[in-house]
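Student: I would like to learn how to read the features of a protein model, one at a time. Could you take me through this one?

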Amino acid sequence: MSVVLELTGVGKSYLRGGERIHALREFDFVLAAGEFVVVTGPSGSGKSTLLHIAGGLDAPDTGTVRFRDTDVWAMGANARSAFRRRNLGFVFQFFNLVPMLTAVENVSLPLVLDGVPARVADERARTLLGRVGLGARAEHRPAELSGGQMQRVSVARAMVAEPALLLADEPTGNLDSGSSAEVLAVVRELAAEQDAAVIMVTHDPAMVEFGSRHLGLVDGRAHELVPDAADGR
Ligand code: ADP
Ligand code: MG
């Protein structure tokens, strides 16, 4: 088994109104290449905290985050940004697209920032947009797209640099059920095609079926939930 990500003893707490909130407690987690983990838990259970720490966006108070052979939190901030661009893809609930850029410019941005020649980045971005069914929308700005279309642009952007790990935080939290299904389908297809591991967090238990593995979070503690012992997985 090739390990992509390993969290060991990760803890994170916040001080709020004099009270300490434990967002994540003693969290241990090993993710293998190609796994698709769905993390469910109620609002406030630590899902976003987990993704931000795993993705090198927020520092843990305790514990370590290793991506392959790299200690993510031992790097300097600039090195960590470059590391994120090359190895990780992010999809957020509210898309986080750049409003002034067209769909194809949004998708090519991670490559351009990483020094890929503009023409190559543009071509690669158009290919990805085609893969998420938006080839005809390449020149549209986010405001001219529906929520589901914006999220498919986000998925294309997240996968354009062929990351080993995709982190998705409530990617369908703002979408109707039809658009949600389209977004989940492109996530699954592109991840499988690129052999990327996925961690998708959601408060929606119905999404569990999309993963190969299910983790439940309650008050910052994780419980591995076995799908169905009877079918021998
Ligand atoms: P989820 O994504 O599952 O809703 P979060 O990871 O966002 O949960 O939050 C976990 C807990 O940590 C919640 O109680 C939340 O209010 C608290 N929390 C998260 N971020 C902060 C912050 N920046 N400052 C204070 N408390 C925070
Ligand atoms: Mg959240």
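Tutor: What follows is a conversation about cores, aromatic pairs, salt bridges and the surface. Please keep in mind throughout that this is a predicted model.

Student: Let us begin with the inside. Which residues have the most contacts inside the largest nonpolar core?

Tutor: The general idea is that in soluble globular proteins, nonpolar side chains tend to be buried together. Here the largest nonpolar core has 38 residues, and those with the most contacts inside it are Val107, Leu129, Val153, Val155 and Met200. Two or more residues of this core come from each of the elements β3 (36–40), α3 (103–113), α4 (118–131), α5 (147–159), β7 (165–169), α6 (177–194) and β8 (197–202).

Student: What does Leu129 touch, if residues up to four places away in sequence are not counted?

Tutor: With those set aside, Leu129 touches Ala103, Val104, Val107, Leu134, Gly135, Ala138, Val153 and Ala156. There is also a second, separate core, which has 29 residues and includes Val37, Ile53, Ala54 and Ala197.

Student: Ala197 makes me curious about its surroundings. Which residues is Ala32 in contact with, leaving aside neighbours within four places in sequence?

Tutor: Ala32, which is found in strand β2, is in contact with Met1, Ser2, Val3, Val4 and Ala197 once those neighbours are left aside. Ala32 is buried, because its relative accessible area is 7%, and the cut-off for that word is under 20%. Sequence and space can also be read side by side: Ala32 and Ser108 are 76 residues apart in sequence and 28 Å apart in space, taken from C-alpha to C-alpha.

Student: Now the aromatic rings, please. How many aromatic pairs are there?

Tutor: In general, a pair of aromatic rings is described by the distance of the centres and the angle of the planes. The count here comes to three aromatic pairs. One of them is formed by Phe27 and Phe29, whose rings are tilted, with 6.0 Å from centre to centre and 45° between the planes. Phe27 is buried at a relative accessible area of 2%, and Phe29 is buried as well, at 5%.

Student: Is the pair of Phe90 and Phe92 stacked or tilted?

Tutor: Phe90 and Phe92 are stacked, with 5.9 Å from centre to centre and 0° between the planes. Phe90 is buried, having a relative accessible area of 16%, whereas Phe92 counts as partly exposed at 22%.

Student: Then let us turn to charges. How many salt bridges does the structure hold?

Tutor: To read a salt bridge, look for the two partners, then for where each of them lies in the chain. The structure holds 11 salt bridges. In one of them the side chains of Glu170 and Lys47 meet, at 4.0 Å from N to O. Glu170 lies in the loop between β7 and α6, while Lys47 is in helix α1 (residues 47–54), so this pair ties together parts that are 123 residues apart in sequence. Both Glu170 and Lys47 are buried.

Student: Finally, the surface. Which residues form a nonpolar patch there?

Tutor: Met1, Val3 and Val30 form a nonpolar patch on the surface, and together they have about 290 Å² of accessible area. Val30 lies in strand β2 (residues 19–32) and is partly exposed, with a relative accessible area of 32%.

Terms used:
Residues numbered from 1 in each chain as written. Chains lettered and ligands numbered in written order. Predicted model: local features only at pLDDT ≥ 70, side-chain atom pairs only at ≥ 80, totals over all residues. Heavy atoms only, no water. Patch = residues over 30% accessible without salt bridge, like charges linked within 9 Å, V, L, I, M, F, W, Y side chains within 5 Å. Areas by Shrake-Rupley, 256 points an atom, 1.4 Å probe, with all protein chains shown as cover. Helix = DSSP H or I, 4+ residues; strand = E, 2+ residues; numbered from the N terminus. Buried < 20%, exposed > 50% of the residue type's maximum accessible area, 1.4 Å probe, protein only. Phe/Tyr/Trp six-rings, centres within 6.5 Å; stacked < 30°, edge-to-face > 60°. Core = buried A, V, L, I, M, F, W, Y, C linked by side-chain atoms within 4.5 Å. Contact = heavy atoms within 4.5 Å.
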